[in-house]
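Please find below my notes on this model, point by point.

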Amino acid sequence: MKEHIMQTEQRFRELLDRYIAGTCTPQEKTIIEEWFEKGGDVNKADLHLSAADESRLLANIHRKQGARLRTLLRTAAIWAGILIATGLGIWKATEKPENIQPVFMAIATGKGEIKQVTLPDGSVVLLNANSRLYYHPDFSSHRQLRLSGEALFTVTHDKSHPFTVLTADSLSTTVLGTQFNINSYDKGDDIQISVLSGKVAVKKPGSLPDTLIKAQALRYHKADGKFAVLHDVTTETNWSKGQWEYENVRFSDLALLLENQYGITLTSLLDPKELQTNVSINFSKKQTAREIMEVFCSLAGCRFRMLSPEKIEIY
């Protein structure tokens, strides 16, 4: 049964690839468009689409269905669905009509890409690589966003309309006017919210808000739900300059960095939990992935090999 399901998914993925490339038959084209019109779900690892493929997919579908398009490209557990197009898109939840959520605008970045966006209220967002940001269509009146990835926010002051960012595990960060950074990648072990100026309130459902001021950060560990407040934080936005600083690089940190910035998957034949450096390290975008691996392995006491341009294995 499992083998049959896998074969079916593989055939569908091949059909989807042909649709994106524009080489499918008219009958195959109808199957794909009807499937998406009914709210098809591609939230499976083997059906994951790159940002470029998502753009081409939208272009093909949009020409056919126009304003009736209701495709779901689910990218995170907190989302009912998302549709990306050249960094901008829309999503709509597949709920009963009375429960349908507003159509959110979306901004996306690819591997190694940084994008700056000015929101309708004048706030500026610098979006790190491989990230997704979604905001309310009437943003000036509803300053609500959802983030998957990392972003630096410079918020326009508006006392009447609080600025709120929702991340994984329903963590919400609310400000009136400030500059802060949020790191919340789906594959990361932690969520970190750092304040550069002003003050923010961070809250999780069922708990009291934690207030952070300038140079403070809150680190939330996903596995056990524990919080830690950090002080004298000054380097959390170095990524905007193409630099990454780590106090103690873990395997999970390195894997996330290589995936987001270089499009490389890192695996290990050793226990990933034992792979860490225990020293502070600065990496730069000027370094190649191989150079970064050489530094890490020299400090962590391991070796690595390039299995392909997109895969590295530690042993």
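1. β19 and strand β20 (residues 311-314) run antiparallel and are joined by 4 bridges. Within this pair, F304 stands opposite I314 in β20. Strands here are DSSP runs of E of at least two residues, helices are runs of H or I of at least four residues, and both are numbered from the N terminus. Two strands count as paired if DSSP finds at least two bridges between them.

2. Helix α4 (residues 251-262) packs on the sheet and touches β17 and β20, with its direction at about 150 degrees to that of β17. Helix α5 (residues 289-300) also packs on the sheet, touching β17, β19 and β20, and its direction makes about 150 degrees with that of β19. Contact means heavy atoms within 4.5 Å. Angles run from 0 to 180 degrees between N-to-C directions, the axes being lines fitted to C-alpha atoms, for helices over the stretch in contact.

3. The sheet in question is open and has 3 strands in the order β17-β20-β19, with mixed pairing. β17 (265-268) and β19 (304-308) are at the edges with a single partner strand each, so one side of each has no neighbour in the sheet. Neighbouring strands are turned by 25 degrees against each other on average, direction ignored.

4. The model is predicted; local features need pLDDT of at least 70, side-chain atom pairs count only at pLDDT 80 or more, and totals for chains, interfaces and linings use all residues. Residues are numbered from 1 along each chain as its sequence is written, and side-chain values use heavy atoms, with hydrogens and water left out.

5. The mean pLDDT (the predictor's confidence in each residue, from 0 to 100) is 79 for the chain, and 73% of the residues score at least 70. Confidence is lowest in strand β1 (residues 83-85), with a mean of 35, and highest in β20, at 97. Residues 41-46 have pLDDT below 50, and this stretch has 11 contacts in the model beyond near neighbours in sequence. Residues 65-97 stay under 50 as well, with 96 contacts beyond four places in sequence. Where pLDDT is low, the predicted coordinates should not be read in detail.

6. The largest nonpolar core has 28 residues, and L133, L145, L147, F153, F163, V165 and F180 have the most contacts inside it. Such a core is a set of buried Ala, Val, Leu, Ile, Met, Phe, Trp, Tyr and Cys residues joined through side-chain atoms within 4.5 Å. Elements giving two or more residues include β5, β8 (163-166) and β14 (217-221), while β7 gives the most, with 4 residues. Beyond its neighbours within four places in sequence, L147 has contacts that include L127, F153 and I182. A second, separate core of 26 residues includes F283, A289, M293 and F304.

7. S194 is found in strand β11. S194 counts as buried because its relative accessibility is 2%, where buried means under 20% relative accessible area, exposed over 50% and partly exposed in between (1.4 Å probe, protein chains only).

8. Strand β4 (residues 115-118) pairs with strand β5 (residues 124-127) in the antiparallel sense over 4 bridges. The two form a hairpin with 5 residues between them, and G122 in the turn has a positive phi of about 95 degrees.
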